[in-house]
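Hi everyone, thanks for coming.

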Amino acid sequence: MSKQLKDLYDGISVHATADREHEAAVELLLLVMVADRHIDSDELDEIRTISEDQGFETDTFSFDQYLGQAMAKVRAAVAEHTTEALLDDIDYRITSSVLRHSLFSAARDVAGVDDDIAPVEESLLAQVAARFA
């Protein structure tokens, strides 16, 4: 395979990794939502909309079915102060350059949907920008 073609395909998720990446993206957006320890229905609706708009909903992945598992994982990370480890895991699982580049904007949308970005959310957004923007 030519280097140019390989470089092009390296940035695109394949079906085998797409669900794993979608799970990680949902976890990241939920982490932004719960960072201030306040769960807002508008923020959750924004995550659902992003999931739909980004094409996460497939025959093998459903936001609503994954929400409970993802929320438990995120809440545990926040409670145990292991958000950095969760970010590392999310970073590792998302290989699609297209998805990676869209995550900061999506995270910012979630944090700002309630028109109040708390300092802890700002800090998390800075970490997301450093990793994904």
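Let's start with the buried residues of H6: Leu99, Arg100, Leu103, Ala106, Ala107, Val110 and Ala111. Buried means under 20% relative accessible area, with exposed being over 50% and partly exposed in between (1.4 Å probe, protein chains only).

A quick word on where this comes from: it's a predicted model, where local features need pLDDT of at least 70, side-chain atom pairs count only at pLDDT 80 or more, and totals for chains, interfaces and linings use all residues. Residues are numbered from 1 along each chain as its sequence is written, and side-chain values use heavy atoms, with hydrogens and water left out.

Zooming out, the protein chain has 7 helices and 0 strands. Those are DSSP runs numbered from the N terminus: H or I with at least four residues for helices, E with at least two for strands. Of the chain's 133 residues, 41% count as buried.

Back to H6, which covers residues 97–112. From first C-alpha to last, H6 reaches 24 Å, close to the 22 Å expected for its 16 residues at 1.5 Å a residue; the expected span is 1.5 Å times one less than the number of residues. H6 also bends by about 35° at Leu103, the bend being the angle between axes fitted to the seven residues ending there and the seven starting there.

Now, which residues line the largest cavity? They are Leu29, Ile50, Gln54, Phe56, Leu99, Ser102, Leu103 and Ala106. H6 gives the largest share of that lining, 4 residues. A cavity, on a 1 Å grid over the protein atoms alone, is a set of points where a 1.4 Å probe fits but cannot get out, and lining residues have an atom within 4 Å of a point. The volume is about 40 Å³, meaning the space filled by probe spheres set on the points, with grid points joined across faces, edges and corners.

Last stop, the largest nonpolar core. It has 38 residues, and those with the most contacts inside it are Val26, Leu30, Met33 and Ile94. Helix H2 (15–34), helix H3 (41–53), helix H4 (63–79), helix H5 (83–93), H6 and helix H7 (119–132) each supply at least two of its residues, with the largest share, 10 residues, coming from H2. A nonpolar core is a set of buried Ala, Val, Leu, Ile, Met, Phe, Trp, Tyr and Cys residues joined through side-chain atoms within 4.5 Å.

Methods
1 Å grid on protein atoms, 1.4 Å probe; cavity = no way out; pocket = protein on both sides within 12 Å on 5 of 7 lines; lining within 4 Å.
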